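Subject: Handover of a structure and notes on it

Dear colleague,

Please find below the structure that I am handing over to you. My notes on it follow directly after it.

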Amino acid sequence: MLNALLIIALLGQVAAQNVRPQIGYVYPPSGRAGTTVDVQLGSYDWTPDMQVFVHDPRLNIQLTGPAGEFILTPPPYWFGTKAGIAQPPLAREVPARITIPSDMPPGPIRWQVANANGGSNVGTFMVGDLAEFIEPEKHAATLDVPSLPVVISGRISRITEIDNYRFKTTAAGLVTCRLDDRLGQPFSGMLSVRDANGALLADAADTIGGGAVVMFDALADSTYMIQVRDIDFAGDRGYVYRLTIEQGPRVVATLPCVLARGKKTQVEIMGWGVATGSLQLESITQSVSVPANVAGDDYPFIFDTGSSRARATILLGEESDSLEPESNEPTQRQLTVPTAISGILDHLDADVQMPLDRYTVVAKKGDSLRFKVEAARLNSPVDPSIVVLSPAGKELARNDDLPDTVDAAVVFVVPEDGVYEIQVSDCSGVEPSRASVYRLLIEDLESIVDFTLQAPDRLDVPIGGQAELVVKTARRGTWDERIELKIDNLPLGASVLEVPAKPTPPTPAKGDQRPAKKPGTGEVKLTITAAADASAGSQLATLVATATVNDRTIEHRFGPILISTTLKTRCKVKSAVQDGGRIVNRGTTYPADVLIERLEGFEGSIQLQMASAQQRQRRGIRGSELIVPARVDQVQYPVFMPEWLETNLTARINVIGVAKVADPKGNVRHVTGIMDGFIVMSLEGALLKLSHEPSERVVTLEETIEIPLKVSRSVRLNEVVRLALVPDENHPHLAVAEPVNVLANEGTTTISLRIGKDPTLVGQRSVTIRATAMQNGRWPTVSETIVPLVVQIPSAAAEKFPTTGP
Amino acid sequence: MYHNYCDRISRRQALRLGSVGLIGGLTLPRLLELEAVAGTGKPAKAKSVIFLFLEGGPSTIDMWDLKPDAPVEIRGPYKPISTNVPGTFVGEHCPLTARICDKITLLRSHSHKDNGHNTGYHYCMTGYKAAFADGQAGGAPNNLLYPSLGSIVSRELGPRGNIPVYVNLPDPMESGGPGFYGPEYAPFVLETDPVQPDFEVRDLRLAPGVSTERLDRRRRLLGLMEKPSSAGDRNRPAVMSTYYEKAYQMITAPDARKAFDIAQESDKVRERYGHTSLGQCSLLARRLVEAGSRFVGIDNGSWDTHFSQFPSLKEDLIPSADRAFSALVTDLHERGLLDSTLVIMMGEMGRTPQINNRAGRDHWSMTQTVLWAGGGIQAGQVIGATDKHCAFPTTEPYGVEDVICTLFHKLGVDTTKTYTTPLGRPVPIVSGGKVIPGLV
């Protein structure tokens, strides 16, 4: 009968699959150009045979050692409702060295990793040009920052953590503090600045993922404190951040927004303190010359503020933007097609009582026009919306947000000759100001021949198999010629099987696309194969798209795309008991029955280990690394359950299997296999509890004290309990104690504690005593108690040593 | 299975005895004040309820209502066994309950239409359907409007001695809150598992460093602070002082501490209930009703067995429930408490007749067997029946309201009562339903 049930059960199993490696974070997350930085890479499910791919070849990332142990989330933990909040995966940190050339411009550097299981997500490392300060692993409550300007690399590594920094100003003036909190595991950062007396000067929270900025007017030769935390007091090893503290103006926009190369233009630079150096939004106009040969999409330049020099950046384009007409009279705001206008929504419209600019356009019946309002690329606070009104005042088209951006655009075919009104408004709710800049672009689609490309940043192709790269093309204009696609730099043994003749199917017109009456936007699936004898490897490939229209050839490149030829998984791991789970007591080791199914003819040993992505109650639950020998298909996988876990919440753990497999070229690779489901444990009270009578213990250096302890145990735990001191990482010489064994019929005992002699131990300290019983002779059952101590200097020596404790 | 707790003000919070504040941090007086004004119901045999809630939905088709003639994908791997009531069969992993079937009644035609965990819990514990979607309750207790059974019983029957009227073990019941009745009818919650070797109720212990002498000094200080200072004050009844005094008595009186001191039970008795959370909670529940508690709700999770359920049912879940329930009923009987104590064991739903393709059973509220014992019910019988696949009742189905009506009836609670919310909305203590024929 059970066999029949097992057959039924097999029908619904999750398909076997590899576990792709993921990048969690880099710590420190940034480095200064011209330096070499030793970092820890927060890795999720990496194997020892990783390849690293940096998108900018000028920067080098070299792995310098193997991955460390899993870093379990340390206390404190949330219990109750907040315990259900999703947590980032658990990382193993891999040491690496990043070499940054001195001519590397500031900005983000993207990177990926790959192994025989596939390619990773994209990680980010920031290159800067300011002095760097790294928050050390262990440090005092407040860290002193050497001098401004500075970039602080830090992290909020545990729940309730608050990082405190102290800095001094040498001169009076505007100070800007910017927090980048989306460099590793994203968190919502909170910044607050206080003066030396603790008075709050400014604070800001990152509620939309764009970072947090605070500014304040600093006094000369003054001390300030800045705090960084998560807005919800969350914390994780991957919550890395970059905090930039600079003194001087902060530019928020330029007018025009876009300049052409090779031209000299009067530019209005808007920002905080750009004219006077104080905390107010103001502007200054200066002449800016953009070299004709400058590369990239933007141009950084230096400008004079009157009292100092400051940095600004302006976007580059084929033509410089025109400025919004000064008059608000609609007849004075007539635009021609095509055009690009730099405008500001800095006042409320008298009719609608919201920031709104009106323009007019003369159009002829049958024209295909596209109106687009840009704000996101300008880092503007504006959330633009656009409306097109007919000559009779009837609304013809409206758009608020395009996909994945707050920018707005509409495309429509003009129904009749006439003057059409274009309304650009700001839906953000932000107080309108001179920082509320936008660009209005009007294009005649008949005259445009261009397209955009979109594709994933990675693709895994199984060796001997194939995978599809989904490429989205969006034509701008009314042309319909074929777009040729090819991929450069495929991994060895990989090739593109075929390219469809035409993108299919066209999608309905949206604001950023052309009208639906002609095919314009489509999806192409490029089938990429990996030869059966290919090695497992990866390459940063580039998608190249070419179209020839009216003898004019347009080429666009997309990438890099990390393409990997992968080995199929060789194992599937499954818990013998899943939902509902077995009853497990807190503080014990649960030997979970785990089934291993070998696949693809594999017969070797398999290593079981925790997966990085864990589920409920990951508060210290630790899975072991266990080798499953060849021909063994069921084992007991030990899972340790800390004594603080909640009993009103089931606990789960995910495990993966790793097999060493030679690829067709003979290279031995590590191939992972995901667990089908998870191990579930229903928690009940502990079997063993160690406690001490709460009291204040005052001890002196080099004193030996007896600590009475109570060992409570369930009738189910008859093994000898061994009491031992847990080493204190922060104060390794605080105390020593000989282990004590407690028999089953003993409920109380004492442990002798010898306090160290180092005077720096003076103060409020604590020792942790751990009780361990080996259940069934194999599985550790653990309980700990923390004994607070007040360490003092012996009275005879009190005058000799200064007290340093709190 | 996820049933965390975030009461606005729980009785636990109200009972921070011996931690901070005057009289050992005690806010119990407020509770005691309201208990004193509680009405009493009609004369009835049952004085207390022990409500064992198998959260997640027990697979009663594998426990109490087996279908040995059904196809394998429905009947499952377990066989029926006979009981001490001729003609009544239960699952093979319930041998202990099989021996006491003469003292219990199996209600096999319990049925309702809420297949959600949170919503089903809310329905079963309040008698009202949840106003939120399953999984969207947003905290515990999730019954923000409708009071739980325990809160209603607490209000209607009031206290018996210096012992909390309504208790949740070991954790707060997800829908065990007082609803609009307010925190005074919230459960006393342990938030610690009596299976732990160091189990104790911290709320009934003085904080470290606070002696009984110090507590007494605090009480006298409170008396001075509460001394009427004006004519108006003098006209105000010294209500709070009265209840602080009662709370003080509860801390210093041995009754409550003694009731919660499960270590006083012999190893043999504790073993009889089983060294599981459900077992030790059941034993503690017996001690509490013995001492005067009116409603003890035991929240036991992990019954949501969608995947490969049979090993855990066989090894852990069913034996735990079988041992705890049978020991509780037998112990109450031996102590002469069974007639005055109504014992009910159920979950928010049963599970699907069809074993799914991952060797589990999914949610199925159309059928569930509810176990009843004590409180003067007619025992030794099976009420209702289900079809050949245990998919639907073939006799009159009895819903949640019927279960609640019967429970209140056995306690002598007037089921026609209605209370009004602070906004003026009348809420009957049970919305419809009837006493289950044959059970009383």
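Axes here are lines fitted to C-alpha atoms, for helices over the stretch in contact, and angles run from 0 to 180 degrees between N-to-C directions. Helices (H or I, at least four residues) and strands (E, at least two) are DSSP runs, numbered from the N terminus. This is a predicted model, in which local features need pLDDT of at least 70, side-chain atom pairs count only at pLDDT 80 or more, and totals for chains, interfaces and linings use all residues. Residues are numbered from 1 along each chain as its sequence is written, while chains are lettered from A and ligands numbered from 1 in the order in which they are written.

I begin with a helix pair in chain B. The axes of helix H13 (residues 277-291) of chain B and helix H14 (residues 309-334) of chain B come within 8 Å and cross at roughly 20°. H13(B) is therefore roughly parallel to H14(B) (angles under 35 degrees count as such). Residues in contact have C-beta atoms, placed from the backbone, within 7 Å. On the H13(B) side, Leu278(B), Gly279(B), Ser282(B) and Arg286(B) meet residues of H14(B), among them Ser320(B), Ala324(B) and Leu328(B).

Chain B as a whole has 15 helices and 14 strands. Of its 440 residues, 59% count as buried (20 or more other C-beta atoms within 10 Å of the residue's own).

Eight strands of chain B form an open sheet of mixed pairing, in the order E6-E5-E7-E1-E8-E11-E4-E12. Strand E6 (188-189) and strand E12 (381-383) of chain B are at the edges with a single partner strand each, so one side of each has no neighbour in the sheet. Two strands pair if DSSP finds at least two bridges between them. Within the sheet, strand E1 (residues 48-54) and strand E8 (residues 341-346) of chain B pair in the parallel sense over six bridges, with Phe53(B) opposite Met346(B). Helix H7 (residues 149-157) of chain B lies across E1, E5 and E7 of chain B, and runs at about 170° to E7(B).

In chain A, strand E58 (residues 704-713) and strand E62 (residues 748-755) run antiparallel and are joined by seven bridges. Leu709(A) has Thr749(A) as its bridge partner in E62(A).

Finally, a nonpolar core is a set of buried Ala, Val, Leu, Ile, Met, Phe, Trp, Tyr and Cys residues joined through C-beta atoms within 7 Å. The largest has 116 residues, and Met641(A) and Val655(A) have the most contacts inside it. A second, separate core of 100 residues includes Trp64(B) and Ile262(B).

With kind regards

Terms used
A residue is buried if 20 or more other C-beta atoms lie within 10 Å of its own, exposed if 12 or fewer, and partly exposed in between; C-beta atoms are placed from the backbone. Two residues are in contact if their C-beta atoms, placed from the backbone, lie within 7 Å. Angles under 35 degrees count as roughly parallel, over 145 as roughly antiparallel, 65 to 115 as roughly perpendicular and the rest as oblique.
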